[in-house]
Amino acid sequence: MSCLETIQSYGLRSIGIGERLLPRSDFTLCEQVVLIGSGMIWNVYFGLMALTTGFFLATAIALGKGSANPWLRKPAEWFIFLFRGSPLFIQFFFAYFLFLNLKGAYPFFDPFTAAWLGALIVLFLNTGAYSAQIFYGALQSIPKGEVEAADAYGLSGWSRFRRIVWPTMLRLAWPAYTNEAIFLFHATTLVYFSGFPAWQQRGDALYYASYFADKTFNPFVPYPILAGYFILLTLVIIGLFGLVNRRLNRHLPANARSKMKLCLNLIR
């Protein structure tokens, strides 16, 4: 089988398009690159969906934590503490067995035991908590002069938040939020180790990398391929978030604009 035929057969296998059976022997480099790349579709799905929805959750929780109302502040504080204080790996297992028990009593929860939904919910809540803390710190760092200037112009309530508070919060939080986005995409590899099963061998990139490593007894080919994919994905994230960062800081002089800095989280 040529490399082009391999791409046609396995390029979209992780989402159920193409060959149903995995190759069993005589693995070529092209097969490993294509199948691991096929699994990256799920990693991108988990990361993109969790990041998009978690952004709005994080904004709401950050505002709740900064509220003077204890009925809003305390739940937000405990939500952030719970998900930042416990390992993501444990959250996956806890959520899986919780959904599994609920599934036995209520058939409605059957889709929640699948990785495409159950694992996504865990990532959504986890990144919501971490991003909320970042946004809350940015809210506390907004210069008082900007808020006072908004008051002087007669802006208040939603208008002040939309025009002054929210854009300034994003501008201050964006470099740190970029690092959170990178970590979130890297954390999608933990879905493979969680209890959420891969349906019909349609797993993520780590699923296929582990498959080749187990079959060939040589981890030094599939895992570097997996790492290469994530390095490329990280560069894409940095580029896209860099464009947003320049957009947020377009009104500032060039020498006063905040620069994007990559700060990797070694331990979380």
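Is Arg171 buried or exposed at 14% relative accessibility? In this predicted model, Arg171 counts as buried, its relative accessibility being 14%. The legends below describe close-up views of this residue and of other sites.

**View 1. Arg171 and Glu146 form a salt bridge.** The closest N and O atoms of the two residues are 3.7 Å apart.

**View 2. A salt bridge joins the side chains of Arg73 and Glu77.** The N to O distance in this pair is 3.9 Å. Arg73 and Glu77 both lie in helix 3 (residues 70-85), and because they are four residues apart there, about one helical turn separates them. Arg73 is partly exposed, at 23% relative accessibility. Glu77 likewise counts as partly exposed, its relative accessibility being 27%.

**View 3. Glu77 also forms a salt bridge with Lys74.** Here the closest N and O atoms lie 3.6 Å from each other. Glu77 and Lys74 are three residues apart in helix 3, so they too are separated by about one helical turn. Lys74 has a relative accessible area of 42% and is therefore partly exposed.

**View 4. Arg73, Lys74 and Glu77 belong to one network of salt bridges.** Which residue is the partner of Lys74 in a salt bridge with a closest N and O separation of 3.6 Å? That partner is Glu77, whose side chain also meets that of Arg73. Across the whole structure, a search finds five salt bridges, including the pair of Arg171 and Glu146.

**View 5. Leu12, Ile15 and Ile17 make up a nonpolar patch on the surface.** Together, these three residues have about 240 Å² of accessible area. Where is Ile15 placed? Ile15 sits in the loop between helix 1 (3-10) and helix 2 (29-65). The relative accessible area of Ile15 is 37%, so this residue is partly exposed. Patch residues need over 30% relative accessible area, and Ile15, at 37%, is one of the members of this patch.

How values were computed
Residues are numbered from 1 along each chain as its sequence is written. This is a predicted model: local features need pLDDT of at least 70, side-chain atom pairs count only at pLDDT 80 or more; totals for chains, interfaces and linings use all residues. Side-chain values use heavy atoms; hydrogens and water are left out. Patches are made of residues with over 30% relative accessible area and no salt bridge: like charges are joined within 9 Å, nonpolar side chains (Val, Leu, Ile, Met, Phe, Trp, Tyr) within 5 Å. Accessible areas come from the Shrake-Rupley method with a 1.4 Å probe; for residues, only the protein chains shown count as cover. A salt bridge is a side-chain nitrogen of Lys or Arg within 4 Å of a carboxyl oxygen of Asp or Glu. Helices (H or I, at least four residues) and strands (E, at least two) are DSSP runs, numbered from the N terminus. Buried means under 20% relative accessible area, exposed over 50%, partly exposed in between (1.4 Å probe, protein chains only).
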